[in-house]
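Here are my notes on the model, as numbered points. Please read them with the structure open.

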Amino acid sequence: MRNKDLEIKNEIEAMLQGDAAGAALKAYFEAVPESQRRRAIHLLASVYPGKRTLSDDDFVFVHYMLSNDALFECQSFADFIRSLSLVDFTERQKGLVIDRIKAHFEKWCETCTFELDGLLIKVFKRADLFDFLETVLRNNNPAVLHRIADLLRYEDFSNADISADALENLKKRVLR
């Protein structure tokens, strides 16, 4: 690891250990130069979140990251999305994450693959995810279609009160 990378990682780890980690990380990423964003996000994802549950303060940072166009345009944003798949969100936090997913789904489908799948499975109830997939399918975006196809191929929707016919119909619509 380069010295600069080690310095960034140590700064992030120190913020995670301190009080008000979410606010500190938000301030850090608001100030990080554009030329260092990609690397900073990658290094963040290697140590973040470091715990299974997030306080409201910690979640302020997650919401900031999921709302910031400039950050999720970075190639390493998928690493951050993957790190969120480890978190056991509260119901309130899930709702806020779902709102961010819905607002940015098309863009994230272009930059994330299995990372986004893991987050979708983590925050959505299967029936709600199925309904969401039916809604976004109408956009006919190739990246969205690919994401839906992968989700339908690898995830189990059998216990979600979704009929086999509805599931098969969605699969056919995706493959057109």
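1. Start with Cys 112. The closest cysteine sulfur to that of Cys 112 belongs to Cys 109, 8.2 Å away. A disulfide needs the two sulfurs within 2.5 Å, so this pair is too far apart for a bond. Cys 112 is also buried, at 0% relative accessible area. Bear in mind that this is a predicted model.

2. Cys 74 is buried, with a relative accessible area of 12%. The disulfide count for the model is zero.

3. Next, the helix packing. Helix H7 spans residues 91-111 and helix H10 spans residues 142-154. Their axes lie 8 Å apart, at an angle of about 75°. H7 is therefore roughly perpendicular to H10.

4. Which residues in H7 and H10 meet? From H7 come Phe 105, Glu 106, Cys 109 and Glu 110. From H10 come Ala 143, Val 144 and Arg 147. By type, this contact has four nonpolar residues, three charged and no polar ones.

5. Finally, Ala 21. This residue sits in helix H2, residues 21-31. Is Ala 21 buried or exposed? Ala 21 is buried, with 4% relative accessibility. Beyond its neighbours within four places in sequence, Ala 21 is in contact with Met 15, Leu 16, Asp 57 and Asp 58. Ser 55 is 34 residues from Ala 21 in sequence, and their C-alpha atoms are 9.6 Å apart in space.

Terms used:
Residues are numbered from 1 along each chain as its sequence is written. This is a predicted model: local features need pLDDT of at least 70, side-chain atom pairs count only at pLDDT 80 or more; totals for chains, interfaces and linings use all residues. Side-chain values use heavy atoms; hydrogens and water are left out. Buried means under 20% relative accessible area, exposed over 50%, partly exposed in between (1.4 Å probe, protein chains only). Axes are lines fitted to C-alpha atoms, for helices over the stretch in contact, and angles run from 0 to 180 degrees between N-to-C directions. Helices (H or I, at least four residues) and strands (E, at least two) are DSSP runs, numbered from the N terminus. Angles under 35 degrees count as roughly parallel, over 145 as roughly antiparallel, 65 to 115 as roughly perpendicular and the rest as oblique. Contact means heavy atoms within 4.5 Å. Ala, Val, Leu, Ile, Met, Phe, Trp, Tyr, Cys and Pro count as nonpolar, Asp, Glu, Lys and Arg as charged, and the others, Gly among them, as polar.
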